[in-house]
Amino acid sequence: MNKQADLALIFPGSGAQYKGMMRSLYESSRVVQDTLHEADEILGLSLSGLMMQGSTVKLNRIGHMLPAICASSVAHYRLYVEQGGPLPAYMAGHSLGEYSALICSGALSFKDGLTLVRYRARLAEEVMRATGGAMSIMKSVDPARVELLCQELQAEGQEVSIACLNSRSQLAVSGQDAALAELEQRVSESSSQAQISHLIGSAPYHCALMQPRAAEMAAELLQNNWSLPACQLLSNVTGRPYTSIQEMHMLLPQQLYKPVLWQESITFLVENGIRTFIEMGPQNILKTLMPEISEQIRVYAHDEKMDRINMRNHLIASSAGRQRSESIMTAEDLRLKAIGMCLTHAMTTRNYNQADASDMPSLQLYTQVKQMKHELDQGVFPLGEEHVARALSMLQAVFEEKRTPDKEQQLRWQQIKQKTGVELQTEYTSLARREPE
């Protein structure tokens with residue numbers, strides 16, 4: 001599977017479901033049929049029937065809605081892969097969509113991921129019944145102003161907070177029904193432009209009402225088999241890529257009660273070179289948010305037929321251009337790219353050491369290699385094998401000081417070798433232990 005460096009796949013959350021979803025693709029694609037039937041078997045119910053022929057009322061029940069969106073997102077992704085879609089540089093999911101991304105990136109199997117989605121839905125339903133909690137969507141609002149109003153209500157003893165920061169002027173809020181009603185009133189009074197939709201039957205995701213169930217979610221996560229994702233995968237809690245499986249186990253339970261940093265996530269991706277996004281799932285909810293976050297990007301919704309056609313044309317053109325570019329990439333280009341990848345892996349690898357990373361000697365090595373890369377980019381001196389060796393030894397030193405697990409080290413070395421042909425030589429490791437010059 002080819003990889004496209006400026007591509008990210010994004011996965012929708014609650015609200016993307018609709019009556020009749022997946023019917024057209026089901027009738028035309030064997031891989032979509034197989035995926036939905038697999039979901040039926042995993043869950044022991046006719047989820048595919050609910051999607052395509054069920055009533056809106058039944059589909060909107062949390063226990064049906066979340067698995068339906070997840071299963072359809074996976075079916076979209078499998079169809080995309082079958083049709084030659086490249087591996088993206090990043091995946092990110094909005095709320096529930098983070099579990100779809102975990103499955104499609106290979107961090108979880110479809111069976112384990114869908115089972116976890118059902119478990120998460122059960123927790124949400126129980127909290128909703130016990131607390132009377134719900135959510136509202138607010139458009140054309142100032143997030144900072146809404147945050148202040150939430151704090152006012154919290155000071156009055158009411159439970160309500162921002163649940164999702166979706167764009168510069170759109171967000172979701174969660175809390176107890178009475179607190180939500182009061183917040184909606186105060187927001188409407190403070191802004192005549194505000195558009196507010198109370199989501200009937202929704203659970204109070206991403207707020208403190210869910211926090212008491214986080215430990216149960218954490219225990220359930222550990223019952224499943226996990227792998228490192230095939231591409232970088234963003235966390236809703238941090239808006240940054242996960243650096244390890246352990247970090248997934250730590251942050252996914254927090255995702256239940258902490259806000260989704262969606263705008264921050266997309267901004268991070270754009271700042272890191274992503275220019276094409278494909279929404280994998282029903283509807284185009286995330287696509288419609290994008291223009292407000294960045295005007296530098298191209299976005300397709302895989303659920304829309306014309307978007308699929310335009311997306312394929314764009315990817316084919318990008319692939320042809322990339323192949324031409326790679327065909328003329330010199331050995332020097334590849335060595336310089338390897339140095340850049342060493343710097344990236346050094347920064348994104350999780351620190352398993354109890355010591356403060358800022359006190360680690362390898363940080364000095366990192367700083368030196370970063371300066372060396374800058375000077376190479378500026379043509380201050382010619383690139384030689386010794387510069388590549390220095391970058392590789394720096395990364396090895398970072399792995400050792402951060403106590404990176406062997407499996408994760410091997411995966412990261414493999415990624416560098418696949419992209420550049422450069423690999424760690426035994427003699428390089430000794431360089432890492434030298435005193436900084």
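**Domains, sheet, pocket and backbone**

Reply: The protein chain is divided into domain 1 (7-126 + 210-320), domain 2 (133-199) and domain 3 (331-428), with bounds that come from an automatic or database domain assignment. This is a predicted model, in which local features need pLDDT of at least 70 and side-chain atom pairs count only at pLDDT 80 or more, while totals for chains, interfaces and linings use all residues. Residues are numbered from 1 along each chain as its sequence is written, and side-chain values use heavy atoms, with hydrogens and water left out.

Me: How many Å separate the centres of domain 2 and domain 3?

Reply: Taken over C-alpha atoms, the centres of domain 2 and domain 3 are 45 Å apart.

Me: How is a sheet read, and what is the order of the strands in the open sheet?

Reply: Strands (E, at least two residues) and helices (H or I, at least four residues) are DSSP runs, numbered from the N terminus. Two strands pair if DSSP finds at least two bridges between them. Here 4 strands form an open sheet in the order β4-β5-β3-β6, with antiparallel pairing. Because β4 (160-165) and β6 each have a single partner strand, they stand at the edges, and one side of each is without a neighbour in the sheet. Between β3 and β5, which run antiparallel, there are 7 bridges. M138 stands opposite L171 in β5.

Me: How is a pocket read, and where does the second largest pocket lie?

Reply: On a 1 Å grid over the protein atoms alone, a pocket is an open set of points where a 1.4 Å probe fits, with protein on both sides within 12 Å along at least five of seven lines; lining residues have an atom within 4 Å of a point. The second largest pocket lies between domain 1 and domain 2, because both give residues to its lining. Of its 35 lining residues, S14, G15, I137, L199 and I285 are the closest to its centre. The largest share of the lining, 5 residues, comes from α13.

Me: What should I know about phi?

Reply: Most residues other than glycine have a negative phi. In this model, phi of H206 is near 60°, a positive value, and phi of R403 is near 55°, also positive.

Me: Is H206 buried or exposed, and is R403 buried or exposed?

Reply: Buried means under 20% relative accessible area, exposed over 50%, and partly exposed in between (1.4 Å probe, protein chains only). H206 counts as buried because its relative accessibility is 1%, whereas R403, at 53%, counts as exposed. H206 lies in the loop between β6 (195-199) and α10 (214-221); R403 is found in the loop between α17 (385-402) and α18 (406-420).
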